[in-house]
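Colleague: Could we go through this chain together? I would like to understand what can be read from the structure.

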Amino acid sequence: NENGNESEIGKKEYFYTKLAELTMDNEDRINCYAAVLDCSAPYYMESTGKYICTLKLIDNSTHPNPQIRSFPSFISAQIFAKVKEDIPQPHKIGSILRMHRAQ
């Protein structure tokens, strides 16, 4: 599948996408690692019936210099969950977030 292959011993081998390679029209589920720059407190959206949290994320593919426009300095991601406790709660700036099968 698009997320990984079964290895010889039956464990899944995941493929990770760099943040700079993500596109808005990507409908595949992706796996990625990112460091958290900022995180909103989770809140309930009545229109979706879910909790939502907005994160600013970086990895080694996002460029730290905002003067260079060919790469984003960070990406914004929204996390949705039916239960508030399922929303990630980074403890500090720089916390590492691993996402599997994200869309």
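Colleague: In which strand does Arg98 lie?

Modeller: Arg98 lies in strand S7. Strands are DSSP runs of E with at least two residues, and helices are runs of H or I with at least four residues, both numbered from the N terminus. This is a predicted model, in which local features need pLDDT of at least 70, side-chain atom pairs count only at pLDDT 80 or more, and totals for chains, interfaces and linings use all residues. Residues are numbered from 1 along each chain as its sequence is written, and side-chain values use heavy atoms, with hydrogens and water left out.

Colleague: Is Arg98 buried or exposed?

Modeller: Arg98 is exposed, because its relative accessible area is 52%. Buried means under 20% relative accessible area, exposed means over 50%, and partly exposed lies in between (1.4 Å probe, protein chains only).

Colleague: Which residues does Arg98 touch?

Modeller: Not counting residues up to four places away in sequence, Arg98 touches Tyr16, Cys32 and Tyr33. Contact means heavy atoms within 4.5 Å. The C-alpha atoms of Arg98 and Asn31 are separated by 7.6 Å, and these two residues are 67 residues apart along the chain.

Colleague: Where is Tyr16 found?

Modeller: Tyr16 is found in the loop between strand S2 (12–14) and strand S3 (30–39). It counts as partly exposed because its relative accessibility is 35%. Together with Tyr33 and Ile96, Tyr16 forms a nonpolar patch on the surface, with about 320 Å² of accessible area for the three together. Patches are made of residues with over 30% relative accessible area and no salt bridge, where like charges are joined within 9 Å and nonpolar side chains (Val, Leu, Ile, Met, Phe, Trp, Tyr) within 5 Å. Accessible areas come from the Shrake-Rupley method with a 1.4 Å probe, and for residues only the protein chains shown count as cover.

Colleague: What joins the side chains of Asp59 and Ser61?

Modeller: A polar contact of 2.6 Å joins them. A polar contact is a pair of N or O atoms within 3.5 Å; within protein, one must be able to donate a hydrogen and the other to accept it, and residues adjacent in sequence count only if both atoms are side-chain atoms. The backbone oxygen of Asp59 lies 2.9 Å from a polar side-chain atom of Thr62.

Colleague: Where is Thr62, then?

Modeller: Thr62 is found in the loop between S5 and S6, and it counts as buried because its relative accessibility is 9%. Asp59 also has its place in the loop between strand S5 (50–58) and strand S6 (75–81).

Colleague: What about Ala35: which residues is it in contact with?

Modeller: Ala35 lies in strand S3 and counts as buried because its relative accessibility is 19%. Leaving aside neighbours within four places in sequence, Ala35 is in contact with Lys56, Leu57, Ile58, Gly94, Ser95 and Ile96.

Colleague: Finally, how many helices and strands does the chain have?

Modeller: The chain has zero helices and seven strands. Of its 103 residues, 25% count as buried. The accessible surface comes to about 7600 Å², and 50% of that belongs to carbon and sulfur atoms.

Note on methods
A salt bridge is a side-chain nitrogen of Lys or Arg within 4 Å of a carboxyl oxygen of Asp or Glu.
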